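Visitor: Please walk me through a few backbone and packing details. Keep it brisk.

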Amino acid sequence: MEKDNIRTDKYLVTGMSCAACQAHVEKAVTGVEGVEACDVSLLTNSMSVTGSADPSKIIKAVEDAGYGAALENNKDKANGSVFSSMEEQLKDRELPVLKKRLFSSIGFLIVLMYFSMGVSMWGWPAPGFLEHNMVGVGIIEMLLSGIVMVINKKFFVNGFKALLHKSTNMDTLVAMGSGVSYIYSFVTLLRMTAATSHETQMALMDELYFESAAMIVTLITVGKLLEAISKGRTTNALKGLLNLQPKTAVLIKDGEEVTIPVDEVAVGDIYVVRPGGAIPVDGVIVEGDCAVDESALTGESVPVDKSAGDKVSAGTINRSGYIRCRAVKVGEDTTLAQIIKMVSDASSSKAPIARIADKVSGVFVPAVIVISLIVFAVWMFTGASAGYSLTRAISVLVVSCPCALGLATPVAIMVGNGVAAKNGILFKTSASLEQTGRAEIIVLDKTGTITSGMPQVTDIVPSKGVSEKELLSVAYSLELGSEHPLGKAVADYCRIHDVKADKVEGFKTFSGKGLEGRVNGRPVRGGNLKFMTSAGQETETVYKDLADQGKTPLFFESDGKVIGIIAVADTIRNDSPEAVDEFRKMGLYTVMLTGDNRRTAESVGKTSGVDLTIAEVLPGEKEEYVKKLQEYGKVIMVGDGINDTPALTRADIGIAIGAGTDIAIDAADCVLMKSDLKDAAAAVRISRRTITNIHENLFWAFIYNVALIPVAAGLYASLGLTMSPMLGAAAMSISSFTVCMNALRLNLVKPYDTRHDKSGSDIRKKLSGIKEEFINKSNKQKEKNNMEKTITIEGMMCGHCEATVKKALEALEGVVSAEVSHDKGTAVVSLEKDVPDDVLTRAVEDKDFKVTGIA
């Protein structure tokens, strides 16, 4: 099979009523040549098929199984088909039909019950021609019951159609239960017409079950109505996302504002959004300032200030300011469309835990039919009347409910995904939602995950006799002309704190060292320690303390004297220590993996509170460490960069920070839209609560059938405990409704509430010696790579320079690792094979540093 021909298509499926239907459709489609995988969702009446099979063959297979199928709307991407397709899929066609059926059925059922109970049993008044005419009353009951059964003919059409296709489903049980009641009653009515005495006719009246036949289909319809209402509520989150998409957009054409359907917006169009308006498509602001409410996409309640050059997303709300934007993504390419697709795909895919219910559902209905036949035979053998034996068999048929089994998992998955999406947490599949809560180890990347990924000012240390204001003024004046990331961090800090900058004359930059110039006639300098003309013991002590904390100290000098130090570092996110603490309380073993030097890594690891810090890890080695950790338990990997992609893919669950690169998000199983590490803890909570809910649903579905089938069969008849077919039908109706309502309780989950966090894992005991094992592994790796070259480099002045050189060298074939120090001005390169000196030199000098020697 050609890989290029493999695709995933989505279909709408009609005619399914229970888990058995779902199993039959899956079995039929899986048997089509070219189909590699098939997932059918009873909840959304949809089917996802992966493979190279022709759609017409798949549709035919579904139709041959007794159901209907059609490809979802596949318009061009620019036409917003994801919205029309999802709206079509979620459109409630069932509820209006069920309401009409139910109200019609109840009207005729009330009249039927008047005759069957009131007239026959309690002597209520009847038309004159029916007085003392039991046959006439029986005929009226037969006609009324027949009308109710015709109103609910869907049970009979679907049920017997399934039998014709050599399969069974819930409709088969209902049709058999109601149909057998009606046929038996009809035969009894014929016997009544042949009876010669009124007493015989009265006795036979007790064996008429026309009201049971009608009551069964009516009560099942009540259950179907309640089920449809509750199922509709489980998709509210998805419907809410669809409602975010504006229907129109206001474009600027020929200098005038023109309102057009949003489907007609093209990339490059200029559109306007006024205060209170929804942004129609993803774009970039070209004019104006505003505050955008992104809560519907990210869960962040505080509006975000935007100005020219900033990106805006479809479905978000402009709370203030008039803006003009250029469309950059439209239709299925918008962020909103991708979120909707992700939530939909996750909800329609099948969780591993659902396979249990599927296996049971495949044999459940045939088994129930066999049980009902055995029950009838046993009661007849024990001497019970045909009417009583039939009542027991019919009760078994109608009390059994495969629906609850089929809905137990998908309704919980749908609601759980909705809760996650509302909070900016997007699970890509049902499996990822389930597996996240089962993890025992969480591996965190450092840069951009635990830390912000951007250098920031952390410490301001003025020299004795120098004010902080004076130090910042000199620093700001110099760094305004700098293009170095550390200089920009200092300039940004000063700008935010309204520091005044003076004009710099004679400005010069010294690569790898610093800056100098004259401010108000005084010579000033800024840079690393070696660049200073004067630095005392006290200054060097402060420098060492800051460096030991993983920070980069920048020195500033005026008139030949050091006036202070400003330390810059990639700071830990404010929420990181709290998030790590939450992971630990949930029983997760926390590991930080980073390519940074051990001193910086251990400082960050200690501050954030992780259990284990693994430093100086090459990009390719991250995957190896994750694989090793998987020997001890399921692993979550959280990262944001391209270097994390192999590890994200290798882990049982890859979680990508939303601000990360597209490739990282594509490789992950879950995306955090807010780039907030606490969202990873929230994802684990949502997963665990969803798993618990599924277990509750499955327990109810199984225990319901296990408990009530024996009662319906008359196993406890000697204790006076039996069940009529009408009560059985009522119980069957309630079971599916209960499962759906239990799933809706997930809407009450508070993902950030830590009060119910529990740690039931012994993973820390399992990993008690892992630290020493990883240290030994690292040392052996270094021993293995005994070919080394030391490169002397000019121009490095900070940790960011080190990282740039390290990355450039480690990208070369044959280079295993590079230990870079800006203090020593060297890079010690470990090689697995000889790499020419000119190749090493070119790699470094391409990054604007100078190589002065290689030994």
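## Loops and a helix pair

Guide: The model is predicted. Start with aspartate 498: its relative accessible area is 69%, so it counts as exposed.

Visitor: Where does aspartate 498 lie?

Guide: Look between helix H19 (485-496) and strand S17 (504-510). Aspartate 498 sits in the loop there.

Visitor: What is the phi of aspartate 498?

Guide: Most residues other than glycine have a negative phi. Aspartate 498 is not a glycine, yet its phi is positive, at about 55°.

Visitor: Is asparagine 520 buried or exposed?

Guide: Asparagine 520 is in the loop between strand S18 (514-519) and strand S19 (522-527). Asparagine 520 is not a glycine either, and has a positive phi of about 55°. Exposed means over 50% relative accessible area. Asparagine 520 has 59%, so the answer is exposed.

Visitor: How are H14 and H27 oriented to each other?

Guide: Two packed helices are described by the angle between their axes and the distance between the axes. For helix H14 (residues 386-399) and helix H27 (residues 725-744), the axes are 8 Å apart and the angle is about 10°. Angles under 35 degrees count as roughly parallel. H14 and H27 are therefore roughly parallel.

Visitor: How many residues of the contact of H14 with H27 are nonpolar?

Guide: H14 contributes Thr391, Ile394, Ser395, Val398 and Val399. From H27 come Pro725, Gly728, Ala729, Ala731 and Met732. In this contact of H14 with H27, no residues are charged, three are polar, and the nonpolar ones number seven.

Methods
Residues numbered from 1 in each chain as written. Predicted model: local features only at pLDDT ≥ 70, side-chain atom pairs only at ≥ 80, totals over all residues. Heavy atoms only, no water. Helix = DSSP H or I, 4+ residues; strand = E, 2+ residues; numbered from the N terminus. Buried < 20%, exposed > 50% of the residue type's maximum accessible area, 1.4 Å probe, protein only. Axes fitted to C-alpha atoms, helices over the stretch in contact; angles between N-to-C directions. Parallel < 35°, antiparallel > 145°, perpendicular 65-115°, else oblique. Contact = heavy atoms within 4.5 Å. Nonpolar A, V, L, I, M, F, W, Y, C, P; charged D, E, K, R; others polar.
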